[in-house]
Amino acid sequence: MKSLSLLILGDGPTTAAIAVHAARHNLPVTLCEETDEGRERLQHFCDLLNLGWNESTHEISIVHPAEVNSNITHILVAEPTALENNALKQELLVRYSNACLMINSQPIEGLIIGNSNPSWLYFSNPTQNNSMVEVFEPVSQAVVFFLDAIKEDPVWVTKETGLISRRLSRAIEGAACNLLLVGALPNLIDETMEEEGWTNGPFKAEDNRGLGFGYYERQQLREAGHILPQGFIIPDRMVEAGRLGREFGVGRYDDAGNRGGVSDRSVEYLTSEEA
């Protein structure tokens, strides 16, 4: 394979951070924005990351989309929202349809970008010297080539298991739901965790996010053969009863408007049935 040349699409700090990280491994990197203001903003973000703009060491170009070099081998969509209603950047994906297309996100159902089948990966807090990349399987050899070039030993994940942050959250939620089966109340579990320094306990966080997301995720995991904590039967039954969380009407608490911490009696009854 010929030498790697990376085009990163995005307009914010994440784009600049990934660019700086790649540039420190002497990869030729191109960023693009249509306006002088946009290009100056990207350069400002890179300056804040102490790039130094030493062209002999860091090959970063910030150009107008029409000026992107023709030898691009890899495209990384660092911030997918930057492509929305941006015809010039979308045109780049068509122009370089033979390039390896990567998206910095967990897989998004129904998202069509360019004419190719993208690979999905996720940079966690990239900096000049350090980063962790989670890569959704399967990937092409071109993605492996890119990871080798930036000296990354990735964490391999699947669509069903999700990103590390979600896997940890799911483990905590499962443990909390198991506590419900032995008589603990959701508001008391939340209060205990908040006293330990959490901003929101696991049930309050789930209520705020919406119970339907976790329900859909658990269905996928079960279909893939994963065995989940028994306590998840409670949020599953809640969703099936139409209790989708505070932002969608009502969830575990009976004070959706006040954002308090009083357990809903019907949820307590449902829990006692499963205990």
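# Talking through the fold

Student: Where does Val157 sit in the chain?
Tutor: Val157 belongs to strand S8, which covers residues 155–157; helices (H or I, at least four residues) and strands (E, at least two) are DSSP runs numbered from the N terminus. Please keep in mind that this is a predicted model, in which local features need pLDDT of at least 70 and side-chain atom pairs count only at pLDDT 80 or more, whereas totals for chains, interfaces and linings use all residues. Residues are numbered from 1 along each chain as its sequence is written, and side-chain values use heavy atoms, with hydrogens and water left out.

Student: Okay, and is Val157 buried or exposed?
Tutor: Val157 counts as buried because its relative accessibility is 1%, where buried means under 20% relative accessible area, exposed means over 50% and partly exposed lies in between, using a 1.4 Å probe and protein chains only.

Student: What is Val157 in contact with, then?
Tutor: Leaving aside neighbours within four places in sequence, Val157 is in contact (heavy atoms within 4.5 Å) with Glu134, Val135, Phe136, Glu137, Gly162 and Arg167.

Student: Why does a loop residue like Ser105 count as buried?
Tutor: Ser105 counts as buried because its relative accessibility is 12%.

Student: Stepping back, how many helices and strands are there?
Tutor: The chain has 10 helices and 8 strands, and of its 275 residues, 47% are buried. Among contacts with a separation of 6 or more, 60% are between residues 24 or more positions apart.

Student: Why is helix H1 described as largely enclosed?
Tutor: Helix H1 (residues 13–23) is largely enclosed by the rest of the structure because 9 of its 11 residues are buried, and the buried ones include Ile18, Val20 and His21.

Student: New topic: how do H5 and H7 cross?
Tutor: The axes of helix H5 (residues 164–180) and helix H7 (residues 202–209) come within 10 Å and cross at roughly 115°; such axes are lines fitted to C-alpha atoms, for helices over the stretch in contact, and angles run from 0 to 180 degrees between N-to-C directions.

Student: Which residues meet there?
Tutor: From H5 come Arg166, Ile172, Glu173, Ala176, Cys177 and Leu180, and from H7 come Pro202, Phe203, Glu206 and Arg209. By class, this contact of H5 with H7 has 6 nonpolar, no polar and 4 charged residues, with Ala, Val, Leu, Ile, Met, Phe, Trp, Tyr, Cys and Pro counted as nonpolar, Asp, Glu, Lys and Arg as charged, and the others, Gly among them, as polar.

Student: And what lines the largest pocket?
Tutor: The largest pocket has 16 lining residues, and Gln106, Phe213, Tyr216, Glu217 and Gln220 lie nearest its centre. H5 and helix H8 (211–223) are the elements giving two or more residues to that lining, and H8 gives the most, with 5 residues. A pocket here is an open set of points on a 1 Å grid over the protein atoms alone, where a 1.4 Å probe fits and protein lies on both sides within 12 Å along at least five of seven lines, and lining residues have an atom within 4 Å of a point.
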